[in-house]
Amino acid sequence: MRLLFVEDDPRIAEPTLGALREAGYAVTWAQTGPDGLEQGMLGDFPLMILDVMLPGMDGFELARELRGNGVESSILFLTARGEVADRVEGLDLGGDAYMVKPFAVPELLANLRALSRRERGQALPRVTFGAGRGSIDTVARTVTWDSQEAATTAREYALLEALALTPERWFTREELLDRVWGPEFDGESRIVDVYVRYLRRKLAPEAINSERGRGYRVQK
């Protein structure tokens with residue numbers, strides 16, 4: 001799932017970015033309010049983490065602008081300001097959750113999982129593919145094939161979920177890099193091929209189709 005993280009303090013942002021990406025989120029990092037507004041308006045982010053004390057535009061104003069422009073992403077405010085009035089203001093502006101610094105990364109990830117379930121509306125907790133042989137549980141983030149659970153890493157799961165949620169669509173390497181590794185990833189696009197091979201070994205070669213010039217998609 002794509003996520004926008006707006007935080008100006010690298011001491012907080014850098015370890016948090018690592019944890020988010022390890023958990024399978026495709027994260028875009030912005031360091032000012034105006035940059036966060038630009039990214040939020042341009043990108044398709046189901047989830048956003050907004051610091052409140054930001055240069056150029058605070059997180060509350062940023063949320064107000066986003067909501068005023070029709071952006072419906074789930075918003076988690078992250079801030080050192082923990083007074084009740086601040087929490088109420090953030091939630092009244094359209095925020096969905098509020099965490100006070102310092103925070104524990106496992107708690108942050110648990111909040112994001114809860115927001116992800118809400119974002120999906122629990123409409124598709126389990127998605128099947130591979131002519132019914134495979135399925136993913138989007139809540140537990142687990143994968144099964146031929147009724148056996150497959151031990152996938154967070155990155156493998158994120159790649160498979162991106163494919164399985166829209167099984168009719170072909171994805172190019174670049175699209176999968178953007179969705180799974182994030183737009184800031186500067187490695188080789190062939191890393192997608194490597195992870196597809198990992199998944200095929202754990203599931204079956206036919207689980208993911210490939211076609212030159214079109215890319216990848218799951219077997220429907």
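Let me begin with a term: a residue is called buried under 20% relative accessible area, exposed over 50%, and partly exposed in between, using a 1.4 Å probe and protein chains only. R214 is partly exposed, with a relative accessible area of 41%.

The structure before you is a predicted model, in which local features need pLDDT of at least 70, side-chain atom pairs count only at pLDDT 80 or more, and totals for chains, interfaces and linings use all residues. Residues are numbered from 1 along each chain as its sequence is written, and side-chain values use heavy atoms, leaving out hydrogens and water.

My topic is salt bridges. Side chains of opposite charge can pair when their charged atoms come close. Here, a salt bridge is a side-chain nitrogen of Lys or Arg within 4 Å of a carboxyl oxygen of Asp or Glu. How many salt bridges does this rule give? The count is 12.

One of them joins D146 to R133, with the closest N and O atoms 2.9 Å apart. D146 lies in the loop between β8 (142-145) and β9 (148-150), and R133 in the loop between β6 (126-129) and β7 (134-137), so the pair ties together parts 13 residues apart in sequence. Helices (H or I, at least four residues) and strands (E, at least two) are DSSP runs, numbered from the N terminus.

R133 also meets E206 in a salt bridge, at 2.7 Å from N to O. This pair links distant parts of the chain, 73 residues apart, with E206 in the loop between α8 (191-202) and β10 (208-211).

Finally, R214 forms a salt bridge with E211 at 3.5 Å, N to O.
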